[in-house]
Amino acid sequence: MRLVPGRYVRAQHWRVFDDRERYLMLSFAALSALRCDAVLSHASAAAFWGLPRLGPWPSRAQVTVPAATTSTANRWAYKHASTLSDDETLEFAGFRVTSPARTGVDLALVSSFRQSVVALDHGLHVGLFDQNELLDLSTHRSAVRGGVRAKRAIAFADARADRPGESLSRVVIHEGGFEEPELQKHFPNPTGPDAYGDFWWRGCRRVGEFDGEVKYRDARMRSGRSPEQVVIDEKNRENWLARQPGVNGVVRWDWRTVVTPGALARLLLEAGVPQVRSRVSRV
């Protein structure tokens, strides 16, 4: 099947790719077909570095053309006009891609606050970049459109959030004006493995847990356990957390709750999590 003019992939190979891999394949095909000095960037570089995305991947590859004076697009590629220093690009199999930190800042400049935080949290968590790198790069590009939004997302990003669902939950909690939770609260267990609560509200002594489905569906995360045993283990863990001194209960939610407008706010209010400021407009 054709990806871009003159670039093809075998259908049997395409079928086994996930959405991120398909977009990455499209991006490499587009980059190889461009008749200019271009660097894989923005969403395409995010796919290369494994940064998570909310919603579908774009229909066009995204590249940066340092020599261009204006951004342009065709049916299969969006070409950003921007300068790039030598330390902001890396080479892979004959192609150039923006560095992880430059990719993170580029995303923060053009993406929603929610998307930016999900990607930046992950990059910080896995060590692709650190906050100082992001802040330094964003300072140099503060005059660029989206600069204020990017700095806000970078300042909010946190390496302790280890899943996209937790990152999006953080943003929704923040937008709802709730007390800022402590992330990955440690609960020592003298008779077994220690536990970590995804969220901890000290004011009301509540533990918050984002319950992603991947732990039940992905065999690699079940460590040989059946989905049924994972459910049982999670329930036992929740009961253990609820019995810890100073804990006033556990509140759980899933992807549907996070993405449904107002659902997580209602759940947290029912659990007694305090709203300490006005709600923040979604950006």
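Ala, Val, Leu, Ile, Met, Phe, Trp, Tyr, Cys and Pro count as nonpolar here, Asp, Glu, Lys and Arg as charged, and the others, Gly among them, as polar. The model in these views is predicted, so local features need pLDDT of at least 70 and side-chain atom pairs count only at pLDDT 80 or more, while totals for chains, interfaces and linings use all residues. Residues are numbered from 1 along each chain as its sequence is written, and side-chain values use heavy atoms, with hydrogens and water left out.

Of the 283 residues in the chain, 48% are buried (under 20% relative accessible area with a 1.4 Å probe, protein chains only). Now take the contacts (heavy atoms within 4.5 Å) between residues at least 6 apart in sequence: 57% of them join residues at least 24 apart.

**View B. The largest cavity holds about 30 Å³ of space.**
Searching the whole structure turns up 1 cavity of 30 Å³ or more. A cavity is a set of points on a 1 Å grid over the protein atoms alone where a 1.4 Å probe fits but cannot get out, and lining residues have an atom within 4 Å of a point. Points are joined across faces, edges and corners, and the volume is the space filled by probe spheres set on them. Who lines the largest cavity? V118, D121, H122, H125, A161, D162, R163, P164 and S167 do. The elements giving two or more residues to this lining are α5 (113-126) and α8 (164-175). With 4 residues, α5 gives the most. Sorted by class, the lining has 3 nonpolar, 3 polar and 3 charged residues.

**View C. S167 sits in helix α8.**
Is S167 buried or exposed? S167 has a relative accessible area of 1%, so it is buried. Leave aside residues up to four places away in sequence, and S167 touches V117, V118, D121 and A161.

**View D. Helix α7 (residues 147-156) has its own set of buried residues.**
They are G147, A150, A153, I154 and F156. An α-helix has 3.6 residues a turn, so residues three or four places apart point the same way. The buried residues of α7 pack against α4 (100-110), α5, α6 (131-140) and α8.

**View E. Four strands form an open sheet in the order β9-β10-β11-β12, with mixed pairing.**
Strands pair if DSSP finds at least two bridges between them. The edge strands, β9 (182-187) and β12 (250-253), each pair on one side only. On average, neighbouring strands of this sheet are turned by 45 degrees against each other, direction ignored. Axes are lines fitted to C-alpha atoms (for helices, over the stretch in contact), and angles run from 0 to 180 degrees between N-to-C directions. Helix α8 lies across β9, β10 (195-201), β11 and β12, at about 15 degrees to β10. Helix α13 (residues 263-270) lies across β10 and β12, at about 170 degrees to β12.

**View F. Strand β10 is largely enclosed by the rest of the structure, because 6 of its 7 residues are buried.**
β9 and β10 pair in the antiparallel sense over 5 bridges, and F187 stands opposite A195 in β10. β10 and β11 also run antiparallel, joined by 3 bridges. F199 stands opposite G208 in β11, and the β11 partner of W200 is V207. The hairpin of β10 and β11 has 4 residues between the strands, and there R205 takes a positive phi near 60 degrees.

**View G. Strand β11 has 5 of its 5 residues buried, so it is largely enclosed too.**
In a regular strand the side chains alternate between the two faces of the sheet. From β11, R206, G208 and F210 point one way and V207 and E209 the other, and all are buried. On its β12 side, β11 (residues 206-210) runs parallel to its partner, with 4 bridges joining them. V207 has V250 as its bridge partner in β12.

**View H. V273 lies in the segment after α13.**
V273 is buried, with a relative accessible area of 2%. Not counting residues up to four places away in sequence, V273 touches F178, W201, C204 and L268. How far apart are V273 and V251? They are 22 residues apart in sequence and 9.9 Å apart in space, C-alpha to C-alpha.

Terms used
On a 1 Å grid over the protein atoms alone, a cavity is a set of points where a 1.4 Å probe fits but cannot get out, and a pocket is an open set with protein on both sides within 12 Å along at least five of seven lines; lining residues have an atom within 4 Å of a point. Buried means under 20% relative accessible area, exposed over 50%, partly exposed in between (1.4 Å probe, protein chains only).
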